[in-house]
Every structure is written in structure tokens, then in C-alpha cells.
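Dear colleague,

Please find the structure below, handed over for your use.

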Amino acid sequence: MTREELLSSCDLFLFDLDGTVYLGDAPIAGAAAALGRLRAAGKRVVYLTNNSSKTRAEYEKKLRALGLWGEGDAVYTSADATAEYLRAFHADKRVYLLATPAVREVFRAAGVHLTRQTPDVCVLAYDTTLTFAKMKRFNEFLAAGALYVATHPDDVCPTAGVPMPDVGSFLALFERSCGRRPDVICGKPFTVMGECVARAFGVPAARTCMAGDRMHTDIRFGNANGMRTLLVLSGETTRESMARFPDVPDLVLDSVAEL
Ligand SMILES: [Mg+2]
């Protein structure tokens, strides 16, 4: 598919964050101008991230500071998708949630009934305030048979130094301690977040493009959800390494600046 075909076939453009529109604290060169051209052409820009340690407002602040925010833009995180999933399918259930205080408020504001006693559902978000006491309680509730939901599956979170353990590393921990894997994972590359995004922004998957730098999360997510996919080579993936994955993106560009 050519760039022109991709542009004409999509109304909603979902952008991954790190490796796609910025690297750490530096915007990708030319990204701001390319996003501006998309908005001027009437396309909706939504930033889609698996990182469930921060809120939409926190990401918007960073994107504004980097000059990447425009009128009509939105952020959607795997925590937003998980809160929406719980609201839609487990509205009457009591939920034990591991999350940062700010993300806890996101779930509370979405109407999720949070509890610290005998929950029906255990939810693991990217809790950078995690303690042993919280892990012990979570493990006990899992062993007692609570529905097990995780915001996303990433093993590590990219940082300037050694990558930090992310939700996937804690999923491995709980698998070792109580033998359970999540019943539902909401974020990329799974379909819960794809369905949530289609509902939230009112654009069918066939008119949506997922743009990102990771084959196994971003491109897998787009393909699994029936979207168009754009791989950018500004982050994790190279032209050589992309061939090692079963998914094929509709278009490959060196960076979003070429859009
Ligand atoms: Mg990325």
C-alpha cells in the first residue's frame, strides 16, 4: 500500500508514543509537522499507549510540552480500555486494583467499584507504587479464584538506562507464585482495546490506522483488530528485524515525518 492509499483509506490515526512520536523526552524530528498535516487534512489523531502507570492528562501535558499536541487530539491508555471493559462487562463486580494513585482515580471516575476485601475481579495495572503487601494480597485473591485482568502484556518499559520491569514481568511472577495467567489482557496487541477505541472515537476499524514501532504490539494490534498498519523504523524495529515477525504492516516508513 502506498502512503497516499493509506491516507485516503483512514480517518482515525492511532499513534504509539515512545519510539513513534518521541524518543524518551525528545520528539521525533519532523513528527509535529506531519501530525499537523494530518489534522489539516481532517484526520483524527489519537495517541494510544499500553503504559498504564500514567493518566491521559499526564500524557497530554508531556505531548503539549513536546509540541506534538493539536486541537481535537486525544490520549487513550490500556488503563482507559480496562476501566471501560470493566464498566461494560463487569459493572456489578468488586475489583481489587493494583495501580498508581492517579490511575486508581481513573477507574473510580469510570464507576468501577474498588475494594480491598474479597474481590470478584483482580486487576493488574502498571503500579509503580507496588509493595510486597499489595502483591501478597493480589496473589491470595488470585488463588481464591477472582477473575484475573491485566492492562497490558509488555515485559519491560523502555527507559534511557536498563529497561524497567513492566506488567508482563509481574504476570510472570504471579504465574510462578499461584499458577495463574490472566483471563483477559486489555491493551495492545489484544482486541479489548481495539473494540474500546472503535466505540470511543466512533470510527470503524477498517477506516483506522495503527502507527507504531513495535511489531509484536503495535502492528499485531492493528492487524488483529482489522485496522491498517504503519510501521515506523524510528524505534525498536529495523528493516532486518521486522522479517522475524509473522505480521506484515501495510506500509513501512523511516519515521512519522514521512507521512
Ligand atoms: Mg513504541
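Which side chains meet in a salt bridge (2.8 Å, N to O)? They are those of Arg-214 and Asp-154; a salt bridge here is a side-chain nitrogen of Lys or Arg within 4 Å of a carboxyl oxygen of Asp or Glu.

Please note that this is a predicted model, in which local features need pLDDT of at least 70 and side-chain atom pairs count only at pLDDT 80 or more, while totals for chains, interfaces and linings use all residues. Residues are numbered from 1 along each chain as its sequence is written, and side-chain values use heavy atoms, with hydrogens and water left out.

The domain assignment, automatic or from a database, gives domain 1 (3–50 + 188–258) and domain 2 (79–185). Their contact (heavy atoms within 4.5 Å) takes eleven residues from domain 1 and ten residues from domain 2. Two salt bridges are counted between the domains.

The magnesium ion has as protein donors Asp-16 (OD), Asp-18 (O) and Asp-213 (OD), at 2.1 to 2.2 Å. Donors are N, O and S atoms within 2.8 Å of the metal (3.2 Å for Na, K and Ca); water is not among the atoms, so sites may look incomplete. Asp-16 is buried, at 9% relative accessibility, whereas Asp-18 is partly exposed, at 24%. Buried means under 20% relative accessible area, exposed over 50%, and partly exposed in between (1.4 Å probe, protein chains only).

With kind regards
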